[in-house]
Amino acid sequence: RAIDQQRMESFVTQLAGLGSRVTGYPGCARAARLVEQNFRGLGLDVSIEKFNVLVPMPRPDAKGRPAVLTAAGREFEILPLWPNLVQMPKTPPAGLSGRLIYAGKGELQSFNGQDVTDSIVMLDFDCGREWFNAPLLGAKAVLFIEPLETIRGEAEQKFLSMPVNIPRFWIPKATSDLLLATAAQQGRVDVNIRCDIDWQKVEGENILGRLRGTDPRLQKQQVVIQAYYDSIAVTPTLAPGAE
């Protein structure tokens with residue numbers, strides 16, 4: 001009877017509204033304070049353990065964008081994907097430039113008739129591991145189009161457990177539609193991608209709330225209930241979580 005589903009859903013919604021909750025990001029710090037406040041409000045004995053951890057952290061441009069795509073004289077915000085092991089989706093200071101091509105689900109036949117060498121390839125996000133055909137054929141970078149819906153397995157296939165230098169980015173659906181329309185009208189669109197991202201040592205927190213037992217025989221025993229308040233996603237700068 002003490003479990004209130006509506007209150008729980010409200011709290012999850014509140015957490016998801018704090019911004020990206022990857023450890024070390026501002027949204028995670030806000031969530032930590034929220035958890036700590038609730039623990040104290042319940043009358044728990046609260047302590048905090050701090051630890052250091054490395055996380056992928058972009059250096060935003062002057063407008064706060066973690067990555068920028070320039071095409072036809074306009075700039076669009078895109079998002080860097082999770083690193084390939086230790087290799088970040090980082091570009092040179094001048095960026096990566098190339099002709100933009102679209103190859104659907106990334107199957108080899110989707111590249112027929114297209115000059116892939118030194119291009120920037122745009123693919124549907126839900127393409128499994130077929131995306132790897134783009135760099136194998138000589139693409140400089142891969143853009144994954146924001147899907148209407150997807151699953152965790154698809155996201156996990158967009159980064160590798162090997163330190164392969166293949167810059168990969170998430171592009172909003174509205175931006176991809178505009179670029180495809182421009183390419184259809186002009187016959188060619190050249191783009192430039194800039195992203196400065198690296199590993200950064202940040203401070204994480206374990207928040208412990210202790211409720212002491214009253215039974216003299218059992219009070220020295222401990223029952224541990226553990227949950228995470230941070231979050232993770234294929235896009236570290238967009239990881240609001242939903243749990």
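The model is predicted, so local features need pLDDT of at least 70 and side-chain atom pairs count only at pLDDT 80 or more, while totals for chains, interfaces and linings use all residues. Residues are numbered from 1 along each chain as its sequence is written, and side-chain values use heavy atoms, leaving out hydrogens and water.

**Salt bridges overall**
- The count is 16 salt bridges, each one a side-chain nitrogen of Lys or Arg within 4 Å of a carboxyl oxygen of Asp or Glu.

**Helix H5**
- Lys 173 pairs with Asp 177 in a salt bridge, with 2.9 Å between the closest N and O atoms.
- Both residues belong to helix H5 (residues 173–186), four residues apart, or about one turn of the helix; helices are DSSP runs (H or I, at least four residues) numbered from the N terminus.
- Lys 173 is partly exposed at 39%, and Asp 177 is partly exposed at 35%.

- Salt bridges with shared partners link Arg 33, Glu 36, Arg 40 and Glu 205 into one network.
- Within it, Arg 40 and Glu 36 bring their closest N and O atoms to 3.0 Å.
- These two sit four residues apart in helix H2 (residues 26–41).
- Glu 36 is buried, with a relative accessible area of 14%.

**A buried pair**
- Glu 154 and Lys 158 form a salt bridge at 2.8 Å, N to O.
- Glu 154 is buried at 15% relative accessibility, and Lys 158 is buried at 0%.

Methods
Buried < 20%, exposed > 50% of the residue type's maximum accessible area, 1.4 Å probe, protein only.
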